[in-house]
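Me: I've got a structure to look at and some quick questions. Can we go through the surface and the pockets?

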Amino acid sequence: INSNKEEDYWPIRYLKTLARLPLQSNSWLGTGHTISSNENNSHFASNTKFCSILLLNATNLKDEELELRLKSRKEINFYQLFPLYLEEMQYKFDFGTNKLLELFSEKDLFPIINIKRKNYCKKK
């Protein structure tokens, strides 16, 4: 990315932030965890209304989960950072990750961020 604009850089910023989070907070991250932009759930940037990230297991094109087993038998998990709108985040808290994911079309779960994707929980 050759831009310093937050509108272009926020996905990279959150990759970096989440990569550091377990070490900085002596905690861990896993599938289904939701991380908000801040306590006010502000939008990530002016060009999107996404305000939180949902961690999902990363998959290949055959929809198989990606994993790496080391010789030591330890496993490295790979995650997809899936941005959510405020209403989607609230739905996830109310009904769970699986119920939320059932709402999405297959194309919107593909691991490329579409900043203009449909809000699946927005009231009409």
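**Surface and pockets**

Reply: Leu66, Leu68, Leu70, Ile76 and Phe78 form a nonpolar surface patch, with about 370 Å² of accessible area together. Like charges are joined within 9 Å, and nonpolar side chains (Val, Leu, Ile, Met, Phe, Trp, Tyr) within 5 Å. Areas come from the Shrake-Rupley method with a 1.4 Å probe, and for residues only the protein chains shown count as cover.

Me: What kind of model is this?

Reply: This is a predicted model: local features need pLDDT of at least 70, side-chain atom pairs count only at pLDDT 80 or more, and totals for chains, interfaces and linings use all residues. Residues are numbered from 1 along each chain as its sequence is written, and side-chain values use heavy atoms, without hydrogens and water.

Me: Where is leucine 66 found?

Reply: Leucine 66 is in the loop between strand 2 (52-57) and strand 3 (67-69). Strands (E, at least two residues) and helices (H or I, at least four) are DSSP runs, numbered from the N terminus.

Me: Why does leucine 66 count as partly exposed?

Reply: Because its relative accessibility is 34%. Partly exposed lies between buried (under 20%) and exposed (over 50%), with a 1.4 Å probe and protein chains only.

Me: New topic. Which element gives the most to the lining of the largest pocket?

Reply: Helix 3 (97-103), with 3 residues. The lining divides into 6 nonpolar, 7 polar and 3 charged residues.

How values were computed: Patches are made of residues with over 30% relative accessible area and no salt bridge: like charges are joined within 9 Å, nonpolar side chains (Val, Leu, Ile, Met, Phe, Trp, Tyr) within 5 Å. A salt bridge is a side-chain nitrogen of Lys or Arg within 4 Å of a carboxyl oxygen of Asp or Glu. Ala, Val, Leu, Ile, Met, Phe, Trp, Tyr, Cys and Pro count as nonpolar, Asp, Glu, Lys and Arg as charged, and the others, Gly among them, as polar.
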